[in-house]
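Open the model in a viewer and keep the selection tool at hand. The stops below go through one stretch of the chain.

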Amino acid sequence: MTDTPVHLAVDLGASSGRVIAGRIEDGRLQLEEVHRFANDPVMIQDSLQWNVHGLWAEILEGLRVASSKFAAIASVGVDTWGVDYVLVDENDQIAAPIRHYRDARNNGMVERAFEILGGAEEGRRRMFQATGLQFMQINSVFQLLSAVTHNERSLEIADGYLMMGDFFHWLLSGKRSIEATNASTSQMLDPRTGKWQMEMIGELGIPTKLFREVSLPATVLGNVQPSVAEVTGLKDVPVVLPATHDTASAVLSVPVDSFAPERPDWCYISSGTWSLMGCELAAPCVTDLCSELNFTNEGGVGGSTRLLKNIGGLWIFQQLRKSMQRRGNEVTWESMVNEAEAAAPFQLLIDPDHADFAAPTDMLDAIDAFAEETGQGKPQSDGVYYRAALEGLALRYRVCLGMLEQLVDSEIKTIHIVGGGTMNALLCQMTADACNRTVVTGPVEATAIGNIAMQMVGTGVIGSGNPQDQATAVLQARQLVRESFELKTYTPQNADRWDEPADRYVALAD
């Protein structure tokens, strides 16, 4: 049992969760996975919901294991995906079903919101000016508008709104909070002031009483509450807010030597089920061009802005594996990549953000239908499906890179890829080739690293100790990442051969 203080990151993704311990030894950040578990949504009646009770049980188990393994636990914090939320009542009970962002009740809510706010064009303009966010029907505001539209009684009895990370911090500490980076994904927050857009929220019929002032990353909520201490063995362990939105934590881990530069020459891709591609800026970019290109301004650490585009990510590739398994073909990730590499390039072009691929019953069937509809013909081998999923993603990155350079008025020379997608070397090389840019990959566990780093800021391990000087803390955290984890560089090869497929892809996407 080590005496070195460890910080526990509860890292919840849309398909799995982990409890990871992090500690500094010999000047390097060491990670150790303590507990891993699945995060599978469940269909209840006709709605897709998160199994938060199961997740909480797994979190407690992970904390119990950590408590028995490490002598000194310095803090614990939770990061999660964005947009989803929990409503709680005055008796500190869950007031409503906890819906999955892919639930069908969100259909049509973007258009409905625009109409309420003045019509298709005026409503869109007002909402973007108010929030600076990319329009996606998964965003919290549209989920809440659906609850209003369907007269859900939960809105009458709820007196608090918690996003997913806040929910688990509440269970850990007994304290309610709404952390700023995740709140920024709701499409209800003013990116310039960090305040809720109460006028717009009220106009949409959403009760404004639900929303409290947001809390910044590195805030210490207090120690774990007695019921948690009794079950887990954690005694007097502070609960510290990381950047609870997983992408905000991941961006903190990008191994660069700058923070929110005025003219960025690097961008990031946080690569997993979703890909988040963007630049770190000192201030939001709420412009007509940003609205036209449908980019989003989300909150980052140290008051920065994550100007980014949400992209379908490895979702299609992951769902192809499930489709194969349904057909009795137990493929592995490695075999899928090998078959993709062996397949001829550009036989099938697909857009990872096409609506047909958002939540199909079967991804293979959806791709077959898309191929027929676009006159491309049904793939003749499994490898073509796999390669198309990766090539489509690399081509989407190419398009988004061009948009980013327009928005920041600067040439992006290096693309940093962090997260699980860095382990797919074929995709990383495709990205370098399609974008004709140097790609640097790593760290893999970027989200957990960023979570732990911000806990270290909150507990005084990293930074100046001045809560107003998080820029220094970010630079120190990034230096620690560079000194602790192996990075890999991909240089463009045969970039010219991507030009013609890129033209076809753009025409297809349009």
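Helices (H or I, at least four residues) and strands (E, at least two) are DSSP runs, numbered from the N terminus. The expected span of a helix is 1.5 Å times one less than its number of residues. This is a predicted model, in which local features need pLDDT of at least 70, side-chain atom pairs count only at pLDDT 80 or more, and totals for chains, interfaces and linings use all residues. Residues are numbered from 1 along each chain as its sequence is written, and side-chain values use heavy atoms, with hydrogens and water left out.

Select strand E14, residues 305-311. Seven of its seven residues are buried (under 20% relative accessible area, with exposed over 50% and partly exposed in between; 1.4 Å probe, protein chains only). In a regular strand the side chains alternate between the two faces of the sheet. Here Thr305, Leu307, Lys309 and Ile311 point one way, and Arg306, Leu308 and Asn310 the other.

Methionine 277 has lysine 309 of E14 as its bridge partner.

Next, select strand E13, residues 296-299, paired with E14 in the antiparallel sense over four bridges. Glycine 299 is bridged to threonine 305. Five residues lie between the strands of this hairpin, where glycine 302 has a positive phi near 60°.

Move to helix H12, residues 315-326. Its 12 residues reach 17 Å from first C-alpha to last, close to the 16 Å expected. Among its buried residues are Trp315, Phe317 and Met324. Glycine 328, which follows H12, has a positive phi near 85°.

Methods. Pairing = 2+ DSSP bridges.
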